[in-house]
Amino acid sequence: MRNETRGTVELTLAMVLSGTLGVFVVESGASPFDVVFFRCLFGAVALGLYSLARGFFTGHGLTPRKFGLAALGGMFIVFNWVLLFEAYEVTSISFATVVYHTQPFFLVLLGAVVLRERISAAKLGWLGVAFAGLVLVSGVRPGDTASLKGLGLALGAAVLYALSTIVTKRISGVRPHLVALVQVTVGIPLLLPFADFGAAGRLGGGWGWLAGLGVIHTGLMYVLMYAAYAKLPTARIAVLAFTYPAVAMFADWAVYGHHIGLVQALGVPLIVLAGLRVTLAGAQGAPRGRVVSSAPRTAAHAPEGASPAATRSA
């Protein structure tokens, strides 16, 4: 199998797994804080064992400054998950996932505010298209408090993801697996005060879903993504990233019978198209070798010799 073909298969599989994340969250029956706590716990074990087996801890390149940046990015990532999973509960996986994919636009806006990056006229135009799509997708009616709350939670999650990306993009010379490991490990003490172990002890079969979130959606999914990034051009990554919301919407319909309405459906392609254009425009302006993807996951740079990834993970 050719290198690029293998990378396509790996990233597609990773995005399909990402699209099933919402089902695992809902089926676990745990609160959003408990879900994220145990995702971090199981994910840290999975990523730690993989990194140990691959010898990534030797010559890791982590300095106190880089570790601090990774930890700060981890704080944003962890609470980004909490808000997103809460949005699943109050609205639906489909609705929350589509709104969450406004991430690239918040990244552009925060880049302008925090890093003083210039926003081109084309990007402003695509931001307008995305906003129009968001208005259609939200479909919020006066008095619809659940949709309003879900909209706010998903948008808040997107902002936190963008903040994490800005922070962790500044890390170089460290394998992305180790950056992700630091981020999920930080989540353990961070969420410990919010974890309800009494409720978790009554989950029964829900533990299998929680373990899946850590091992499959954090360990395996990240390994597949990072392996694919080294093999694929930016354009391919950006396009394949939208497999995630497509699978999430299908899973929400297949498992729970949830689907967005006709008017809302008109907004989905606007957000997807605008997100794709902004992501590709950002990649074209990035230094050579940097790969940018809009999927919800960890933002990181790989060491020299591997393709750096500035990316999110849900």
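Mentor: The count comes to 3 salt bridges, a salt bridge being a side-chain nitrogen of Lys or Arg within 4 Å of a carboxyl oxygen of Asp or Glu. Side chains of opposite charge can pair when their charged atoms come close. Please note that this is a predicted model, in which local features need pLDDT of at least 70 and side-chain atom pairs count only at pLDDT 80 or more, while totals for chains, interfaces and linings use all residues. Residues are numbered from 1 along each chain as its sequence is written, and side-chain values use heavy atoms, with hydrogens and water left out.

Let us begin with Glu-10. Its side chain forms a salt bridge with that of Arg-6, with 3.3 Å from N to O. Both belong to helix H1 (residues 3-19); because they are 4 residues apart there, about one helical turn separates them. Helices (H or I, at least four residues) and strands (E, at least two) are DSSP runs, numbered from the N terminus. Glu-10 counts as buried, at 10% relative accessibility, whereas Arg-6 is partly exposed at 43%. Here buried means under 20% relative accessible area, exposed means over 50%, and partly exposed is in between (1.4 Å probe, protein chains only).

Glu-10 also meets the side chain of Lys-231 in a salt bridge, at 3.0 Å from N to O. Since Glu-10 lies in helix H1 and Lys-231 in the loop between helix H11 (206-229) and helix H12 (234-240), this pair ties together parts that are 221 residues apart in sequence.

Thr-8 lies in H1 and is buried, with a relative accessible area of 18%. Apart from neighbours within four places in sequence, Thr-8 is in contact (heavy atoms within 4.5 Å) with Leu-232, Arg-236 and Leu-240.

The remaining salt bridge joins the side chains of Lys-149 and Glu-86, at 3.9 Å from N to O. Lys-149 lies in helix H8 (residues 145-168) and Glu-86 in helix H4, so the pair ties together parts that are 63 residues apart in sequence. Lys-149 is partly exposed, with a relative accessible area of 45%, and Glu-86 is partly exposed at 21%.

Helix H4 (residues 64-90) also holds Lys-66, which counts as buried at 18% relative accessibility. A polar atom of the Lys-66 side chain lies 2.8 Å from the backbone oxygen of Ser-172. Beyond its neighbours within four places in sequence, Lys-66 is in contact with Gly-61, Ile-171, Ser-172, Gly-173 and Val-174.

Arg-39 has its place in helix H3 (residues 32-54) and counts as buried, at 0% relative accessibility. A polar atom of the Arg-39 side chain lies 3.0 Å from the backbone oxygen of His-217. Arg-39 is 170 residues from Trp-209 in sequence, and their C-alpha atoms are 9.7 Å apart in space.

We may now turn to the nonpolar side chains. A nonpolar core is a set of buried Ala, Val, Leu, Ile, Met, Phe, Trp, Tyr and Cys residues joined through side-chain atoms within 4.5 Å. The largest one has 81 residues, of which Leu-11, Phe-85 and Tyr-88 touch the most other members. Helix H4 gives the most to this core, with 11 residues. Leaving aside neighbours within four places in sequence, Tyr-88 is in contact with residues including Leu-21, Val-25, Ile-93 and Tyr-244.

Finally, consider the chain as a whole. It has 14 helices and 2 strands, and buried residues make up 54% of its 314 residues. The mean pLDDT (the predictor's confidence in each residue, from 0 to 100) is 83, and 87% of the residues reach 70 or more. Over residues 287-312 the pLDDT is below 50, yet this stretch has 112 contacts in the model beyond near neighbours in sequence.

Conventions
A polar contact is a pair of N or O atoms within 3.5 Å; within protein, one must be able to donate a hydrogen and the other to accept it, and residues adjacent in sequence count only if both atoms are side-chain atoms.
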